[in-house]
Amino acid sequence: MKLAPTVKLNNGHEMPVLGLGTYASQNKEGEIAVKHAIDIGYRHIDTAYFYQNEVEVGQAIRDKIAEGVVKREDIFLVTKLWNIHHEPDRVEGACRKQLANFGLDYIDLYLMHMPVGYKFVNEETLLPKDENGTLQLSDVDYVDTYKAMEKLVKSGLVRSLGVSNFNSEQLQRVLENCEIKPVTNQVECSPTINQKKLIAFCKKHDVTVTAYTPLGRPRPEEMKPDFAYSPKVKEIAQKYNKTTTQVALRFLIDSGAIPIPKSSTPKRITENFDIFDFELTDEEKSVLESFNTGERMVPLNLIKGLNHKYYPFNIEF
């Protein structure tokens, strides 16, 4: 069985350059998706407290370990600290609850889901709102949250730390104030928002970039995103006997990102993984680069509208 190549992180651990995203894969759907992915060679699985599917994801991994398909150390499991748990004294409890959800004893990579914290009401209220429906934010400093996360590595609950939705200035601040370097910054990254500048910045600091929503949000009825329906990209795809989706994922890997396409369809999960037997020429990469508009599918508008000081997308990258 062919596995994805891995990249060596700044702490020596290895991370597969392609993962399975599980956002919105709930109930049995998530479990079936993860099992199929492991069967065909995926070893990097990405989830989050916010996705409310850690129980299913953990079940799928444990079943595959029990079947002898993989060992625990073969799997690179990523999950995220949700925004309601930013107060430093809530971090360890949140992480332990997530480990209990998975039924596993460590997490490979634990990310801070966003630089912005939300008010804690209770464990179930993931999007706390006031009586007018306004999202309730907190002003906890993400550096303090990150320092609490460092303790999880020291106690063995977590192997590596990272951040998500951080801009270059926020990442710089973490780097200047941390003991344990983040190994990745997980951000929206696709041919439409290729994050070239952020990838270069991260690379300089030996931090990888994980690409969520790497295929945009496919909307076939509108023939969107543009790159998926472009005659030029179709031509490249035909040359390699691939789909435009596979060409887009290959482009992101060649650009230095680690895409985590989300799918619950076995056929699509298989297709997304079949991208390691071809490479794009420089000319073909520049065709893909031409689709970069910087437009986000995930602009975090609820936070933007509240002018929070840690809203990450007010600067170029």
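A crossover counts as right-handed if, with the strands pointing away from the viewer, the path from the first strand over the helix to the second runs clockwise. Keep that in mind, we'll need it in a minute.

Okay, quick housekeeping. What we have here is a predicted model, where local features need pLDDT of at least 70 and side-chain atom pairs count only at pLDDT 80 or more, while totals for chains, interfaces and linings use all residues. Residues are numbered from 1 along each chain as its sequence is written, and side-chain values use heavy atoms, with hydrogens and water left out. Helices (H or I, at least four residues) and strands (E, at least two) are DSSP runs, numbered from the N terminus.

So, the sheet. Eight strands make an open sheet, ordered β3-β4-β5-β6-β9-β10-β11-β12, with parallel pairing; strands pair if DSSP finds at least two bridges between them. At the edges you have β3 (20-21) and β12 (257-259), each with a single partner strand, so one side of each has no neighbour in the sheet.

Let's zoom in on β5, residues 76-81. Six of its six residues are buried, and by buried I mean under 20% relative accessible area, with exposed being over 50% and partly exposed in between (1.4 Å probe, protein chains only). On one pairing, β5 runs parallel to β4 (residues 44-46), joined by three bridges, and D46 has V78 as its bridge partner. Now the handedness: β4, helix α2 (residues 54-66) and β5 make a right-handed β-α-β unit. On the other pairing, four bridges join β5 to β6 (residues 107-112), again parallel, and there V78 stands opposite L109. From β5 the chain crosses through helix α3 (residues 88-102) to β6, and that β-α-β crossover is right-handed.

Further along the sheet, β10 (residues 184-188) pairs with β11 (residues 208-212), parallel, over five bridges. One of the pairs there is T184 with T208 in β11.

On to helix packing. Axes are lines fitted to C-alpha atoms, for helices over the stretch in contact, and angles run from 0 to 180 degrees between N-to-C directions. Angles under 35 degrees are roughly parallel, over 145 roughly antiparallel, 65 to 115 roughly perpendicular, and the rest oblique. Helices α5 (residues 168-177) and α6 (residues 196-204) pack at about 10°, axes 11 Å apart, so they are roughly parallel to each other. S168, L171 and Q172 in α5 meet L198, F201 and C202 in α6, where contact means heavy atoms within 4.5 Å. By class, that's four nonpolar, two polar and no charged residues. For the classes, Ala, Val, Leu, Ile, Met, Phe, Trp, Tyr, Cys and Pro are nonpolar, Asp, Glu, Lys and Arg are charged, and the others, Gly among them, are polar.

Then there's α9 (residues 244-254) with α11: their axes come within 10 Å and cross at roughly 105°, which makes α9 roughly perpendicular to α11. V247, A248, F251 and D254 meet K285, L288 and E289 of α11, dividing into four nonpolar, no polar and three charged.

Most residues other than glycine have a negative phi, and most peptide bonds are trans. Here, K224 and P225 are joined by a cis peptide bond, omega about -10°, with P225 in the loop between β11 and α7 (226-229). L300 isn't a glycine, yet its phi is positive, about 55°; L300 sits in the loop between α11 (282-289) and α12 (301-304). And is L300 buried or exposed? Buried, at 13% relative accessible area. N307, in the segment after α12, has a positive phi near 50°, but N307 counts as exposed, at 68% relative accessibility.
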